[in-house]
Amino acid sequence: MNCPAMSASASSSRSYSTFRPRPLLPQTSHDSQRSVLHYSRSPSEVFATSPLRLLGKHSLPLRAVVTSKSISSSSAVVSGDEKIGVLLLNLGGPETLDDVQPFLFNLFADPDIIRLPPLFQFLQKPLAQFISVARAPKSKEGYASIGGGSPLRRITDAQAEELSKCLSEKNVPAKVYVGMRYWHPFTEEAIEQIKTDGITKLVVLPLYPQFSISTSGSSLRLLERIFREDEYLVNMQHTVIPSWYQREGYIKAMANLIQNELGKFDFPSQVVIFFSAHGVPLAYVEEAGDPYKAEMEECVDLIMEELDKRSITNAYTLAYQSRVGPVEWLKPYTEEAITELGKKGVENLLAVPISFVSEHIETLEEIDVEYKELALKSGIKNWGRVPALGTEPLFISDLADAVVESLPYVGAMAVSNLEARQSLVPLGSVEELLATYDSQRRELPAPVTMWEWGWTRSAETWNGRAAMLAVLALLVLEVTTGKGFLHQWGILPSS
């Protein structure tokens, strides 16, 4: 793959508009060009999309400007005795059907995925064991339908190889490593290889365009623990690019894919562009300061603005998929939004997996099979889906540019330029970014803060907690012993 020139992302000085006026309630609004299903933002959400982020009670500039004038050549930031490393962080996925249950256990054992109150944290692993065993049969069916395993490792390895080639062409020799959170190659394995190779400068690059506590945050928290415990890593300079959804190369690459898929419809202008993002629990956004929702909405706005310049003015909307458990997640939910669009008479729908840069179970099975089937049942006649970016050259080149731009600031927090929009790289160390992005990372606030006697919300809450603890204890006992009502009734497989 040839690494395309990215002069636009390195020198452009124009600014993106970060938000558009939205109706007060979820509804369809019309203007002279586009019908848009929008969901209102509060003033704090709008402010959170600006270069100075407002996260919970903490306000901290996280973006640094690096222009073509400040870096005249790559050699200015790479000396001969330095060894540059780039660590790509991703979720990971089971490569065989036998990997599914242990992969699910690793996923649900992560306290950033299921946050239990301090009183119940000892149940994290038993609960993860129960959930993974219960969900494994259905999950195996899903992975079997896409070839018997996730392609995520293969695709991520290919992205790492292409990124390494692209950096070399930009005169930045660097080794690129892959660290998965929940399956091989684990982040710990990548770190050991980084130490073996003697890397002196490390750029940490999560392969999630938008930051979330449950994705990038979880991987960074693991790195935080590893860094603190290792003398070599303490002395190794590093920086993190926690999100890059606003970069021009990424935006243009996404717009290119959408434009290509629209061209496959008989009447492209009549197609509703349906952005489907991976969901997160609502409490993460409202109580823990997760910027994911604000970054996702801004990302969609930027892509649609790029399409506007190409005279593509289709209606569009954003929804969230892949929720787990009984708690409330970001809305609207993808399945409900698809059904609602069918009721409104939409006949042409183009699904865009906006938070995924690689094909995975969520795109190949959840979107391509489940949501497509639901759409056709809901009255949508023509269905299309934008592929994940994978190793798309413009996308890989832009990631390489982000790495190059971050190198002068490895080991230091850079000063933000609030006026500029382009060539902005949000920088910081692992600990700085975790303290800023997830101010309540140890625990989410409890529903009630004090005990109240009587028929009160507090009493109901604590009664519910006691009941939940009892049920969990019984479930854990049944899973560990292999005996009990759920096994007798056939709900859990017998050993």
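Q: Trp183 and Phe186: buried or exposed?
A: Buried means under 20% relative accessible area, exposed means over 50%, and partly exposed lies in between, with a 1.4 Å probe and protein chains only. Both Trp183 and Phe186 are buried. Note that this is a predicted model: local features need pLDDT of at least 70, side-chain atom pairs count only at pLDDT 80 or more, and totals for chains, interfaces and linings use all residues. Residues are numbered from 1 along each chain as its sequence is written, and side-chain values use heavy atoms, leaving out hydrogens and water.

Q: How many aromatic pairs are there?
A: Rings of Phe, Tyr and Trp (its six-membered ring) pair if their centres lie within 6.5 Å; planes under 30 degrees apart are stacked, over 60 edge-to-face, the rest tilted. By this rule there are 5 aromatic pairs. In one, the ring centres of Trp183 and Phe186 are 6.1 Å apart and the planes stand at 70 degrees, so this pair is edge-to-face.

Q: What is the geometry of the Phe275 and Tyr316 pair?
A: Edge-to-face, with 6.3 Å centre to centre and 90 degrees between the planes. Strands (E, at least two residues) and helices (H or I, at least four) are DSSP runs, numbered from the N terminus. Phe275 lies in strand 10 (residues 272-278) and Tyr316 in strand 11 (residues 316-321), so the pair ties together parts 41 residues apart in sequence. Phe275 is buried at 0% relative accessibility. Tyr316 is buried too, at 2%.

Q: Which residues form an aromatic cluster?
A: Trp244, Tyr250 and Phe395 form one. Tyr250 is also among the buried residues of helix 9.

Q: How many residues does helix 9 have, and what is its reach?
A: The expected span of a helix is 1.5 Å times one less than its number of residues. Helix 9 (residues 248-262) has 15 residues and reaches 21 Å from first C-alpha to last, close to the 21 Å expected. Of those 15 residues, 11 are buried, so helix 9 is largely enclosed by the rest of the structure. Among them are Ile251, Met254, Leu257 and Ile258.

Q: Which residue lies over the face of Tyr333?
A: A charge sits over a ring if NZ of Lys or CZ of Arg is within 6 Å of the ring centre and within 35 degrees of the ring normal. Here Arg323 lies over Tyr333, at 3.7 Å from the ring centre.

Q: What about the whole chain?
A: The chain has 17 helices and 14 strands. Buried residues make up 56% of its 495 residues.
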